[in-house]
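This briefing goes through the arrangement of the copies, their contact, the DNA surfaces, the domains and the sheets. Please keep the sequence and the model in view while reading.

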Number of protein chains: 2
Amino acid sequence: MAFTLKDIAYLTGVSTATVSRVLNGKPGVKPETRDKIVKLIKEVDYMPDITARSMKTGKTYTIGMVVADITNPFYSEAAKTIEFQARKHNYTLIVGNTGNNIDEERTIITAFQERNVDGFLIASSELRDKKVENVIRAGYPTILYHRRLAQERANFICCDEEKGVELALTHLKNLGHRRIGFISGPRKFSTGVERLRSFMASSQELGFDTGAFLIKEGGYEKSRTIKAVKELLNLPEPPTAIFAANDFMALQVLDMVLEKGMRVPDEISIIGFDDIPLAAHHSIQLTTIDVQLHTGAITAIEKLINIIDGLENFSEPIQILLEPKLKVRASTGSPCY
Amino acid sequence: MAFTLKDIAYLTGVSTATVSRVLNGKPGVKPETRDKIVKLIKEVDYMPDITARSMKTGKTYTIGMVVADITNPFYSEAAKTIEFQARKHNYTLIVGNTGNNIDEERTIITAFQERNVDGFLIASSELRDKKVENVIRAGYPTILYHRRLAQERANFICCDEEKGVELALTHLKNLGHRRIGFISGPRKFSTGVERLRSFMASSQELGFDTGAFLIKEGGYEKSRTIKAVKELLNLPEPPTAIFAANDFMALQVLDMVLEKGMRVPDEISIIGFDDIPLAAHHSIQLTTIDVQLHTGAITAIEKLINIIDGLENFSEPIQILLEPKLKVRASTGSPCY
DNA sequence: CTGAAAGCGCTTACAG
DNA sequence: CTGAAAGCGCTTACAG
């Protein structure tokens, strides 16, 4: 049905080799021949079959990005930035959404491998993630974005979680808080454990009240977050501030706390992590930690393309920690004892 | 580097034809032979090259979805639902984001054609969209989702915009409003013109104040929406309610109005369109029109796969209008004159 | 039950 | 400047 290179060759009376040359802008074609071919290509709107081409060249100009949850603004913003950047370099980005489900991730990565992507940008991996480890071992150019593996030598671009948590807690301390409830992300993700570990370490250091009862594991389903908040608020001595391990959860906390009729920040302060665009909305005004989403996203895709194109020295893993920043908004204030 | 079917054949001492048969679960292979092959495949984690396969079969099991703005929750929710549904049928969804830019859309669609997608789900088209028209004319199975073409015979699944606008305006009338400001979407999209046209028609019918000064074209950049709101509020007789043509803009309106220190809904009511998940958030509580996002998304992908698989009768275009519903929340109330 | 051969739509040395 | 031929990794009649 669609025109093929062979058709173009036949219709212009040249060989397929010649058509291929003009298609790829290679030298050594008589201008008249080239013009004739170009004209026909335009006329019939011929598009080369990239998959066929890739069988010979080994390159698909396709990058697979795997995200944990495309409805979380953190990931959709990142995907948007990365896609535009990729296109500038003539790569097509294909995005798969795992919904934080490891089986879905497996399926998606396999589908991408079967389609011969040139490289992977993975923003969904668990700490011990067999499939992702396989991909790296198999030699696919790969960059982990936002979440890393336990394994040490993988390329990653992540926020300096420890620093971020410190900024958040120091801010709360300066406001006069002493008792902070923490809603952690799932421990199977690097963000989950690192933010949690830092929370515990910094809490101690800053002289906060500590104890397992102040720490709840949230999930990515709202119900879990709500349960966690309830438990914190029902404590004999409830915390004066809640630190949610990411903005997506902080939004759920905020929703629930307001629903309950509590005033923020007078009765309870809330702080998040990520600084998704919505955090700045006037109805939300969430104090949070800016993890440099755009810088990270751009760096990730640039580095990946450099690896694919062989421009980056590959001897040492690329491991970049982004510098977090505190964003003070209206969801935090001094506690009224 | 990676194992090929040929390797598997060589290592098990059979022909490539036989390996291909077991790969595709075709009958007529001796059980022992099959077992031997299956075992090796597992052992070396062999993955068939789907693009090579597709050259013979003509099917890539890949569906291209084009969205207008992946950071707009409307589209990310839809993409998420559609991707999971596609995977159930063994299709891989690849998503491209146009950012409402027609040139990007062109590039994305071309990239998808070059990769031989089996069909298109397009949620980004302008009313007169040469590229999309081409795709349809070229015979690709295609369903327009959310936005349609001016051209009459294309498949689409959209909300009944007219009905939706009527619901919104009737609600405002019942609250006692008589003067409504409208922030329309760009007129180049079907949603833009249809919601606008219905606004004008219904306003007249319901006896509202009418006039071009009550209608402003918003954009998808925040600055435009802000400018539009300012102009409405600076009118000698400003409207008592603002109707934004979609929730994404309604959120911007809300942000700006609160920023200005106005109380919602006492001083101004705000109503949106789409019912994105965030509209229900306690900090937002936006009254809006539910366009049946999930029903539409699921229907769209099911229908598309039916067309691709040849299960759907193709004689008449598939044209489905979803029934909108009013969601009353706290952003609308009676005006205090 | 199995294999040899052709071919899907391209590219790329090689030869002229 | 141009073309014939081989081959990328698969599938599929066809023959046995």
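This is a predicted model: local features need pLDDT of at least 70, side-chain atom pairs count only at pLDDT 80 or more; totals for chains, interfaces and linings use all residues.

Residues are numbered from 1 along each chain as its sequence is written, and chains are lettered from A and ligands numbered from 1 in the order in which they are written.

**Contact between the chains**

- Chain A brings 39 residues to the contact and chain B brings 39 residues, where two residues are in contact if their C-beta atoms, placed from the backbone, lie within 7 Å.
- On the side of chain A that touches chain B, at least two residues each are supplied by helix 4 (50–57), helix 5 (73–88), strand 2 (92–97), helix 6 (102–114) and helix 11 (247–259) of chain A; helices (H or I, at least four residues) and strands (E, at least two) are DSSP runs, numbered from the N terminus.
- Helix 5 of chain A gives the most to this side, with seven residues.
- The side of chain A that touches chain B consists, by class, of 16 nonpolar, 14 polar and nine charged residues, with Ala, Val, Leu, Ile, Met, Phe, Trp, Tyr, Cys and Pro counted as nonpolar, Asp, Glu, Lys and Arg as charged, and the others, Gly among them, as polar.
- Because 100% of the interface residues of chain A are also interface residues in chain B, the copies meet through the same surface.

**Surfaces near the DNA strands**

- DNA strand D is surrounded by 26 residues, of which Ser15(A), Lys30(A), Met55(A), Leu5(B) and Ser20(B) are the closest; a residue is near a molecule or strand if its C-beta atom, placed from the backbone, lies within 6 Å of it.
- Two or more residues of the surface near DNA strand D come from each of helix 2 (16–23) and helix 4 of chain A, and from each of helix 1 (5–12), helix 2 (16–23) and helix 4 (50–57) of chain B.
- Helix 4 of chain B provides the largest share of the surface near DNA strand D, five residues, and by class this surface has 10 nonpolar, 10 polar and six charged residues.
- Around DNA strand C there are 26 residues, and those that come nearest are Leu5(A), Ser20(A), Ser15(B), Lys30(B) and Met55(B).
- For the surface near DNA strand C, the largest share, five residues, comes from helix 4 of chain A, and the classes are 10 nonpolar, 10 polar and six charged residues.

**Domains of chain A**

- Chain A is divided into domain 1 (5–48), domain 2 (60–159 + 293–323) and domain 3 (161–290), with bounds that come from an automatic or database domain assignment.
- The C-alpha centres of domain 2 and domain 3 of chain A lie 28 Å apart, and the contact takes 12 residues from domain 2 of chain A and 13 residues from domain 3 of chain A.
- Helix 5 of chain A contributes three residues, the largest share of the side of domain 2 of chain A that touches domain 3 of chain A.

**Sheets**

- In chain B, six strands form an open sheet in the order 2-1-3-4-5-11 with parallel pairing, two strands being paired if DSSP finds at least two bridges between them.
- Strand 1 (residues 62–67) and strand 3 (residues 119–123) of chain B run parallel and are joined by five bridges, and Val67(B) stands opposite Ala123(B) in strand 3 of chain B.
- In chain A, an open sheet of four strands has the order 7-6-8-9, and its pairing is parallel.
- Strand 7 (215–217) and strand 9 (269–271) of chain A stand at the edges with a single partner strand each, so one side of each is left without a neighbour in the sheet.
- Three bridges join strand 6 (residues 180–184) of chain A to strand 7 of chain A, which run parallel, and the bridge partner of Ser184(A) in strand 7 of chain A is Glu217(A).
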